[in-house]
Structures are given as structure tokens and as C-alpha cells.
Amino acid sequence: MKAFDFFHLQGKEFTSFFVQRPLKIVNVGKPFPMNAFSTTPLPNIPPSQFPKVVIIGAGFAGLKLARMLNKKPFQVILLDKNNYHQFQPLFYQVATAGLEPSAISFPLRKILHHSKNVIFRMCEVKSIDRSVNRVFTDAGYVEYNYLVLAMGADTNYFGSRSIANFSSPMKTVSEALYIRNKIISNYEKAINIQKLEDRRSLMNVVIVGGGPTGVELAGAMAELRNNVLPKDYPELSFKNMKVVLIEAGPSLLGAMSEEAKNHALKYLQQLGVEVLLKTMVEDYDGHRVYLKGQAPIETQTLLWAAGIKPNRIEGLEEKSYAKNGRIIVDEFSKIKGTETIFALGDLSLMQTEDYPLGHPQVAQVALQQAKNLGNNLPLIQANKTPVKFKYKDLGSMATVGRKLAVVDLPFVKFQGILAWITWLFVHLMAILGVKNKLLIFLDWSWNYLSFDPSLRLLIKPKYVKESERKELIEEK
Ligand SMILES: Cc1cc2nc3c(=O)[nH]c(=O)nc-3n(C[C@H](O)[C@H](O)[C@H](O)COP(=O)(O)OP(=O)(O)OC[C@H]3O[C@@H](n4cnc5c(N)ncnc54)[C@H](O)[C@@H]3O)c2cc1C
């Protein structure tokens, strides 16, 4: 869901001084099997008199927290498997050739230039050992006084191996770029195929999941089909290209208002998207999507935006997890049954009176939880009473296409061109960095005036040697 006003990433000034607590043993868990990472500490971490806060994940929550703790009396060690922060709400524009990947990805080291007490390491966290307060990564281990899990979520295929194998997810900027390449590659292939029936599966695009991501992808794909692809491939007839959006529930944009749902459906239909509601996908073999009780649809491009599941590392007790895999936390984001381990954002489940099933998995929740913890950690360190988290819902929005969007704010709901301008403005403001704001503004203006996004390049990754695959290829 589009959350209004994503970012308030400015760190707070240093205001008080707290003495470091000695590392203490808390929550003794199961011992870990020894491996190469168990025995060597992450090198070159400077000694510090301050307590160590280790944050796993530099997404919305992790990065916000690291910046909140800037210049506070902590040594902050931020770990992420990528060396950049990703702005997920605009992935669909990378996938549909509207924006370049670097416009929505930010080098973490640059963001942290002036954060002297924040150390960043690119590494993948594998497990934690609570008996010795250690986090194990593929580059070595690091000790913590406070540990914060903010690893977000990954795509959920609901147990279908064939869908996982053949469909394309969109949870990282690499996956968005892969979709762009795949779509362009399909048309380059299709133009060399004589018979219409043999080209059909290359040209059709099917999107599963009627949430904001699915709606936005479907709208952007339809606009490419209507305005751009016919100019690039004049020999192909795009009247025969289907853009299909499939949703299992009775409406699109399930969490938004009735007005937003109805308008989104109407806008997509105006753009020529075939919307199938109350429709279950049963299987996909790479060429056909099989639907419950309906004829299969031919496509080699199935974009899977139907669900997410929290990322996990080893080392927490099974009772820390809810049935849906989210980590159960109290109203201070502390993992139940632990003293110094916290979880934020998409992977956490905080059940409150207002949100008995937990908060929505959106950027604003991640940012607000990080802000709350950023204010609480100095209080906890000083043995003062921390403040409970209270979510302030700023509203939600989704765009369907040029001049077509829906906005639900707490006090007013609107759709159409005004909603579209609001959507553009909010997202532009949320993007980190002046250069990226300018790049995106230029790209959007160009696309608006020319109907011709200019990023339809098929840049294939070069063959990567076995010895370099781990560093240079993102694992599935
Ligand atoms: C396509 C898409 C569109 C979206 N659009 C919107 C929107 O419009 N509005 C909105 O409010 N929300 C939107 N969301 C949801 C929003 O992006 C998430 O709610 C938000 O990113 C959650 O923040 P987080 O900090 O919990 O996790 P993330 O932002 O996902 O960050 C997790 C970080 O952890 C890192 N990581 C994961 N595992 C490990 C590991 N083992 N070791 C080291 N690092 C690790 C990852 O690399 C990543 O940087 C969208 C999501 C997607 C996928």
C-alpha cells in the first residue's frame, strides 16, 4: 500500500551521555554448529567505549534507525547484503523502463558519510547466538549489546515450486531490472516469429496480485503496450497482446476505500487491462497460467506480486514467531522473551488494541517504528522508561497510469489527475538525495511529454566466473 510521506531520515543531535553497559548474557538459546564464520570476528571494527547496536538490514526501518542513532552515544553497526538502500515503491517503474535502477537505489556509504559512529558492512547475516550476544555473517561475527532485526520480507509463492521457478518476483531492484530485460527480450524474440499463435505467449503479460504493486505494474504495462511498444515494433500487432491482472479476492486494493477500489478497476479497464477478480491461480509451467475453473492463459511472463513472507535468520526460538512467520514483538518493538533484541518493519508483528492483527507491512510503519526505537534506546540504556509505539496512519495511495491515481487520506479521498499529481509529489519528496530527485523529475517529465520512456535497453549480465558468482550474482 502506498503510505503517505515515507521519509524523515534526519538523525537527532547528541544530547546526553550514557555509560556503556558491559556485555551480559541474556536469553540463552541453543548452541550453534561451528562453521567458518563462527570463529573469526568481522575485522576492522574500531574499539568503542559505547554500547554496540547491531542493525540487520538497511531498508526503511534499519536505515532510519541508524540515522536516528547518528551522533548518539552508541557504536552502530549496520549490516546489509547489498551496499545500497532500495526504494521499493518505484520498482515497477524500473521494471517497465520508466526509471533507471540507480535513480531509486542509494549507496549506503554515501548516505552515512557524516555519521561517524555508524559503521556499515556489506554481508549476509546467517544466524545469531543469544547465549554470547553474537551475530554471524558470511564475513565473520560481531557482538552486540542491542540487536535490531530489520530484514524485511521476501516473495511468498505459497508453497508452489513451479510458480517459484517460472514466475518473476519484484522484491529487489535486481528483480525489477530482470523483468525489464525479460519483457524487452520477449519482444525482440517475438518479432522474429512468423505465426501469431507462436508469438502469443511471448507477448502476453500476466500479473498476479491486485494490491498496489500489481495495479501499478498492470497500468504501466498497459501504457507501454498502448503507446510505446507499437512504435518500437511496428511489424507486430499489439491488439493481440493481453495484459491480465489476476486477484483472488473480490476487489483490487483490498485495504483501501470503496471509492479507491472502484476507480482503480475502472482506470485499468480504460487502459485495456483484463482484470480477473475472485480468480485463483493454480499452477504455471513457464508457458501457461492455469486458473481454477477457467481456461489457461498463455504467457512466458508471469509477474508475481501476490504475497510476501518475512525473512528469517537462525537463532530465535520458535515461539518468537507467529503463524505467518512474523516475529512477535511488544509495544516497544522488543522481541517477546528477550531483553535486548528488537524487530522492526515488515518482519515484526506488534499486536495492539488498534491493530489486533498487527500493523500493515508498509514503509510508514517501518519508519515510525524505527523512529520510536531510535528515541527509546537512549532511554533504555539510561534505565529510564521507554515510550510505547503508536502508529499514525498518514493514508495510502496508488497510481494506475498517466493522470490516473487514487488517494485515501485520513480526512479526504480523491481520485484522478489531482490524485496523480499528489502521488508524484509524495514519491518525489520521499526519494533520498537531490540528484536522484532531479533524475526522477527529468525522467517523469520526459516520459509525460514524449510518451516514450527511453530506457528500453536490454543489458544482459555478462557471464560470471564460478569464483566470482557469490559476490556478483544475487541468489534466488
Ligand atoms: C514492489 C513493492 C512496492 C511497494 N510499494 C509500497 C508503497 O508504495 N508504499 C508503502 O508504504 N510500502 C510499499 N511497499 C512495502 C515497503 O517497501 C515495505 O513495507 C518496507 O520496505 C519495509 O521496510 P523494512 O525495513 O521492514 O524492510 P526492507 O525495506 O525490505 O529492508 C530489508 C533490508 O534487509 C536486507 N536483508 C534482508 N535479509 C538480510 C540478511 N540476511 N542479511 C543482511 N541483510 C539482509 C535487505 O537487503 C534490505 O535492505 C512496497 C514493497 C514492494 C516490494
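I took helices as DSSP runs of H or I with at least four residues, and strands as DSSP runs of E with at least two, both numbered from the N terminus. The model I looked at is predicted.

**Entry 1**

I began with Lys-71, which sits in the loop that runs between helix 2 and strand 3 (75-80). I noted that Lys-71 is not a glycine and still has a positive phi, about 65°.

I looked up Ala-97 next, in the loop between helix 3 (91-95) and strand 5 (105-107). Ala-97 is not a glycine either, and I read a positive phi of about 65° there. Ala-97 has 20 C-beta neighbours inside 10 Å and therefore counts as buried.

**Entry 2: Pro-453**

I found Pro-453 in the loop between helix 12 (434-450) and helix 13 (469-472). Its count is 20 C-beta neighbours inside 10 Å, so I listed Pro-453 as buried. I also checked Asp-443, which is 10 residues from Pro-453 along the chain; their C-alpha atoms are separated by 7.6 Å.

**Entry 3: Lys-52**

I turned to strand 2 (residues 52-56), where Lys-52 lies. Lys-52 has 20 other C-beta atoms within 10 Å, so I put it down as buried. I asked which residues Lys-52 touches, not counting those up to four places away in sequence. I found Gln-75, Ile-77, Glu-143, Tyr-144 and Asn-145. Val-76 is 24 residues from Lys-52 along the chain, and I have 5.8 Å between their C-alpha atoms.

**Entry 4: helix 2 with helix 10**

I looked at how helix 2 (residues 60-68) meets helix 10 (residues 363-381): their axes come within 8 Å and cross at roughly 30°. That angle makes helix 2 roughly parallel to helix 10, because angles under 35 degrees count as roughly parallel. I noted the crossing of helix 2 and helix 10 as right-handed. On the helix 2 side, I listed Phe-60, Ala-61, Lys-64, Leu-65 and Met-68 as making the contact. On the helix 10 side, the residues in contact include Ala-363, Ala-366, Leu-367, Ala-370 and Gly-374.

**Entry 5: helix 6 with helix 7**

I then took helix 6 (residues 173-190) and helix 7 (residues 196-203), which pack at an angle of about 170° with their axes 9 Å apart. This makes helix 6 roughly antiparallel to helix 7. I recorded Asn-186, Lys-189 and Ala-190 of helix 6 as meeting Arg-199, Leu-202 and Met-203 of helix 7.

**Entry 6: Ala-305 and Gly-211**

I located Ala-305 in the loop between strand 18 (301-304) and strand 19 (308-310). With 26 other C-beta atoms within 10 Å, Ala-305 is buried. Leaving aside neighbours within four places in sequence, I found Ala-305 in contact with residues including Met-170, Ile-207, Val-208, Gly-211 and Leu-217. I also looked at Trp-444, which is 139 residues from Ala-305 in sequence and 24 Å from it in space, C-alpha to C-alpha.

Gly-211 is in the loop between strand 12 (205-208) and helix 8 (212-232). I counted 20 C-beta neighbours inside 10 Å for Gly-211, so it is buried. Besides Ala-305, I noted that Gly-211 touches Leu-253 and Gly-254, not counting residues up to four places away in sequence.

**Entry 7: helix 11**

I checked the length of helix 11 (residues 417-430) last. At 1.5 Å a residue, its 14 residues should span 20 Å, and I have its end C-alpha atoms 20 Å apart, which agrees. I asked which residues in helix 11 are buried. They are Ala-419, Trp-420, Trp-423, His-427 and Ala-430. These cover an arc of only 100° around the axis, which means they lie on the same side of helix 11. An α-helix has 3.6 residues a turn, so residues three or four places apart point the same way. I found the buried residues of helix 11 packed against strand 23 (396-401), strand 24 (404-408) and strand 25 (413-415). On the face turned away from the buried side, I listed Ile-417, Leu-418, Phe-425 and Met-429 as exposed.

Methods
Residues are numbered from 1 along each chain as its sequence is written. This is a predicted model: local features need pLDDT of at least 70, side-chain atom pairs count only at pLDDT 80 or more; totals for chains, interfaces and linings use all residues. The expected span of a helix is 1.5 Å times one less than its number of residues. A residue is buried if 20 or more other C-beta atoms lie within 10 Å of its own, exposed if 12 or fewer, and partly exposed in between; C-beta atoms are placed from the backbone. The arc is that of the directions from the helix axis to the C-beta atoms. Two residues are in contact if their C-beta atoms, placed from the backbone, lie within 7 Å. Axes are lines fitted to C-alpha atoms, for helices over the stretch in contact, and angles run from 0 to 180 degrees between N-to-C directions. Angles under 35 degrees count as roughly parallel, over 145 as roughly antiparallel, 65 to 115 as roughly perpendicular and the rest as oblique. A crossing is left-handed if the near helix is turned anticlockwise from the far one by less than a right angle, and right-handed if clockwise.
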